[in-house]
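Subject: Structure handover

Hello,

Here is the structure I said I would pass on. My notes on it follow below.

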Amino acid sequence: MAKLRPEQLGQTLNKGLAPIYLVSGDEPLLVQEACDQIRAAARAQGFGERELYHADASFDWTQLLSAANSLSLFADRKILEVRLPTGKPGDKGGKVLQEYAKAPSEDNLLLVVTGKLDRNALKAKWLKALEDSGSHVQVWPVTPAQLPRWIAQRMKAAGLTAESAAIDLLASRVEGNLLAAAQEVEKLKLLTDSPEISTELMASVVADSARYDVFGLVDKALHGDARGAVKSLQGLKVEGTEPIALLWALARDIRALVQISQAASQGIPFERAAQAAGIWNKRQPLVQSALRRLAPGQLQQLLRKANGIDRAIKGMRQADPWAELLDLTLNLAGVQSLQPANERLSLKL
């Protein structure tokens, strides 16, 4: 079967379900929406039960085969959903996925969800086996140059149109966060009876959402303004912001810092490295400020912390995500909140 772009998925689902879907990518909103489309199409075809598996390092892959071979208690057909964030199932997992793909049951739909797959993963036997028996939806990042068009398409789907200046304003505001852009579009639907959005209305909506904003928090942390960043964090928590949204923004810039730091060690000029990492010109001074404050080893540790928070949010690790987001924010701002021994202990949990 073919590899699909997310925008091709709906039309393909209308023609019939594949027995296996692999959805990969690191744009959370697009990955989630692709999975939602597949689940909805499956439910319409009688897949009334869903079994979810988190395939971390301790996952017993034989559970998947057992589930595939067992009858559902509540429905005739079921969805077997496997979350594989690393995109690396290991030898055992790879063999199980290959075995499953040889003869998928028509009573099961296998949905495998991964992060971005690297070159080696794209050549792996397990992935080829899934692609041969099913469909692979590859989600690619939306670049800054593509973002205005993406927003315009999103608005059109919502029954809205906007002046190009208004779209550019929103694109500038969300800086690559598709979830934030989608939320702003939904807000616009509620705030106006007119399908045409003026630049003035867009500016008003953007300003209203800026009291405590995720990106402001990250920028303050990058600047080293620990007090301001913590105030924003508390404000976002009170306002009901989901911790996954904060983690996404913090982890995105930490990954960019790591990438730029590694490029600098190879002699690549900062401006070129920052551009390659997707850092907009106006934010480059903030990133330079953070790189002067944080050593490469500290950046790697921040990545590990972010990974631990992600697992805590998903219930795969016992920890308070908000407490750890506070720690991560302080560290990014250059404040060491825990003693080194406690740091090591927290990373092991």
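A polar contact here is a pair of N or O atoms within 3.5 Å; within protein, one must be able to donate a hydrogen and the other to accept it, and residues adjacent in sequence count only if both atoms are side-chain atoms. The side chain of Arg39 makes such a contact with the side chain of Asp36, at 2.7 Å.

Before the rest, the basis of the values. This is a predicted model, in which local features need pLDDT of at least 70 and side-chain atom pairs count only at pLDDT 80 or more, while totals for chains, interfaces and linings use all residues. Residues are numbered from 1 along each chain as its sequence is written, and side-chain values use heavy atoms, with hydrogens and water left out.

Helices (H or I, at least four residues) and strands (E, at least two) are DSSP runs, numbered from the N terminus. Buried means under 20% relative accessible area, exposed over 50%, and partly exposed in between (1.4 Å probe, protein chains only).

Arg39 is found in helix 2, residues 28-44. Its relative accessibility is 13%, so Arg39 counts as buried. Contact means heavy atoms within 4.5 Å. Not counting residues up to four places away in sequence, Arg39 touches Arg50, Ile79, Glu81, Arg83 and Leu111.

Asp253 belongs to helix 13, residues 243-265, and counts as buried because its relative accessibility is 3%. Leaving aside neighbours within four places in sequence, Asp253 is in contact with Val218, Leu222, Ile279 and Arg283.

Lys92 lies in helix 4, residues 90-102. At 68% relative accessibility, Lys92 counts as exposed.

Two strands pair if DSSP finds at least two bridges between them. Six strands form an open sheet in the order 1-6-2-5-4-3, with parallel pairing. Strand 1 (3-4) and strand 3 (47-54) stand at the edges with a single partner strand each, so one side of each has no neighbour in the sheet.

Strand 6 (residues 135-138) runs parallel to strand 1 and is joined to strand 1 by two bridges; Leu4 has Val137 as its bridge partner there. Strand 2 (residues 20-24) also runs parallel to strand 6, with four bridges joining them, and the bridge partner of Leu22 in strand 6 is His136. Ser135 and Val137 point one way from strand 6, His136 and Gln138 point the other way, and all are buried.

Cavity and pocket

On a 1 Å grid over the protein atoms alone, a cavity is a set of points where a 1.4 Å probe fits but cannot get out, and a pocket is an open set with protein on both sides within 12 Å along at least five of seven lines; lining residues have an atom within 4 Å of a point. Grid points are joined across faces, edges and corners, and a volume is the space filled by probe spheres set on the points.

A search of the whole structure finds one cavity of 30 Å³ or more. The largest cavity holds about 60 Å³ of space, and its lining includes Ser24, Lys116, Gln138 and Trp140.

The second largest pocket has a volume of about 650 Å³. Pro6, Glu7, Leu30, Trp150 and Gln153 are the closest to its centre of the 18 residues that line the pocket.

Regards
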